[in-house]
Amino acid sequence: KRQGDEEIKQTVVMLSKGALSGNKPNYLKNPAPVYPQIAKTNGWEGLVILRVRVEKDGRPTQVILEKSSSYKILDQSALKTVQKWQFQPARVGNMPISSWIRIPVRFVLSEEEK
């Protein structure tokens, strides 16, 4: 048994009991993705869902397209932007932990832009 295995097991047990409730990574203070002009011109809208691995220091180390908007240009804008975001990591008590989160990015035109 390696040192640290016990810590990992304890973390998993705590997570399964809901220890992260209210302590998920915070990402709401980052800039929104750019709405590409060609997408606006063509009236393209959509929802992109990304899976993001947030490390203990708040850096996103993996950003994966989980659900496409059906428009590659919107997907790429969301991916490119979220890769640069800074997060507040999830915590168990006061200890920051790495975690996966899902981030929805919705591209919607305003009435004036339609």
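These legends accompany several views of a predicted model of one protein chain.

**View 1. The whole protein chain and its elements.**
The chain holds 3 helices and 5 strands. Starting at the N terminus, these elements follow the order α-α-β-β-α-β-β-β. Of the chain's 114 residues, 33% count as buried.

**View 2. Contacts across the sequence.**
This view concerns contacts between residues at least 6 apart in sequence. Of these contacts in the protein chain, 72% join residues at least 24 apart.

**View 3. The loop that holds Trp 85.**
Trp 85 sits in the loop that runs between α3 (72-82) and β3 (90-92). Is Trp 85 buried or exposed? Trp 85 counts as buried because its relative accessibility is 8%, and the cut-off for buried is under 20%.

**View 4. Trp 85 with Pro 31 and Gly 58.**
A polar atom in the Trp 85 side chain lies 2.9 Å from the backbone oxygen of Pro 31. Between the C-alpha atoms of Trp 85 and Gly 58 the distance is 8.8 Å, while in sequence the two residues are 27 residues apart.

**View 5. Confidence along the chain, with residues 1-22.**
The mean pLDDT of the protein chain is 81, and 75% of its residues have a value of 70 or more. Over residues 1-22, pLDDT stays under 50. For residues 1-22 the model has 16 contacts beyond four places in sequence.

Note on methods
Residues are numbered from 1 along each chain as its sequence is written. This is a predicted model: local features need pLDDT of at least 70, side-chain atom pairs count only at pLDDT 80 or more; totals for chains, interfaces and linings use all residues. Side-chain values use heavy atoms; hydrogens and water are left out. Helices (H or I, at least four residues) and strands (E, at least two) are DSSP runs, numbered from the N terminus. Buried means under 20% relative accessible area, exposed over 50%, partly exposed in between (1.4 Å probe, protein chains only). A polar contact is a pair of N or O atoms within 3.5 Å; within protein, one must be able to donate a hydrogen and the other to accept it, and residues adjacent in sequence count only if both atoms are side-chain atoms. Contact means heavy atoms within 4.5 Å. pLDDT is the predictor's confidence in each residue, from 0 to 100.
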